[in-house]
Amino acid sequence: MPTHTDKAYEAELKDLRDKLLEMGGLVERAISSSVRSITERDSAIAEDVKERDREINRMEVAVDGACRRLLALRQPAASDLRFITTALKIVTDLERMGDIAVNVAERAIDLNKAPALGPMHDLSRLAEMSERQLGRALDAFVTGNVTEAEEVMHGDDVLDALYLKLFNDLLGMMMEDSRNIRRATSLMFAAKYLERFGDHATNLAEMVVYMVRGTDVRHPKSRETAG
Amino acid sequence: MRYTIVIVTHNMQQAARDPDQTAFFDTGDLVEVGPTEQIFTTPREQRTEDYVTGKFG
């Protein structure tokens, strides 16, 4: 594949890609740790997630700055323009995903103060699936693999179904014994956060399709109505 | 009276800014022609893509 004749420009684009991947890696670790903090009942892990979120926030600012510089100084076109505008969009999703990991970590700290409320298989599965969705969206971003991006978009339905099952199970626990309400509510929040995390992974995947093909696949139903 | 103005240029900023339609020629071949926005955001031809992104020229 040909590279840019301007090697400094080529290096700046590569640096932007590397920054986003590094940030994605930090977010993957954050969500995985925050859920581990619940399943292993270890609040120190949750505190660490909160601390490390600062680095994710710093990277958002760095990526924004890099995009602005590239737009102003390089006047990018075609696939470069789509890559940079995609970077500007997905960096916001990644930062928000980091915040969601912090939200889960805060629920973990609250939950760990009281005895455990039954096994956490489904929450662990939901977390694994959400993290995998992000991992695959990032893979698709690096390789420009539209098929993988589309699989991430479709995978969100499975995640939503598991969230709904967990929601109903927790509701059942609340109805069984009112002493479960506080803990079950915290777990419900954690589950909702993970479901939302998955939605952001879908956003990433949609932007990858735009980046590669130049077609916007977001909100197809809204567009039909707009006619 | 209506006019059509043809500008031949190597200046990418001018090519992107001024015309409604852009045609890309490479060593005498017409590679691609289309709305300027399309040529500079989602060109159909790889040679156009490589040229407007600065991979040769």
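Visitor: Which pattern does chain A follow along the sequence?

Guide: This is a predicted model, in which local features need pLDDT of at least 70, side-chain atom pairs count only at pLDDT 80 or more, and totals for chains, interfaces and linings use all residues. Residues are numbered from 1 along each chain as its sequence is written, while chains are lettered from A and ligands numbered from 1 in the order in which they are written. Helices (H or I, at least four residues) and strands (E, at least two) are DSSP runs, numbered from the N terminus. Chain A has seven helices and zero strands, and its pattern is α-α-α-α-α-α-α.

Visitor: How far apart are the end C-alpha atoms of helix H4 of chain A?

Guide: The expected span of a helix is 1.5 Å times one less than its number of residues. Because H4 of chain A (residues 121-143) has 23 residues, it should span 33 Å. The model agrees, with the end C-alpha atoms apart by 32 Å.

Visitor: What covers the buried residues of H4(A)?

Guide: A residue is buried if 20 or more other C-beta atoms, placed from the backbone, lie within 10 Å of its own. Those buried in H4(A) include A:Leu123, A:Leu126 and A:Phe141. Contact requires C-beta atoms, placed from the backbone, within 7 Å. The cover includes helices H1 (7-39), H3 (78-111), H5 (146-176) and H6 (181-213) of chain A.

Visitor: Which helix supplies the largest share of the side of chain B that touches chain A?

Guide: The contact takes 13 residues from chain B and 13 residues from chain A. On the chain B side, H1 (12-17), H2 (36-41) and H3 (46-52) each supply at least two residues. The largest share, three residues, comes from H3(B).

Terms used:
Buried ≥ 20, exposed ≤ 12 C-beta atoms within 10 Å, placed from the backbone. Contact = placed C-beta atoms within 7 Å.
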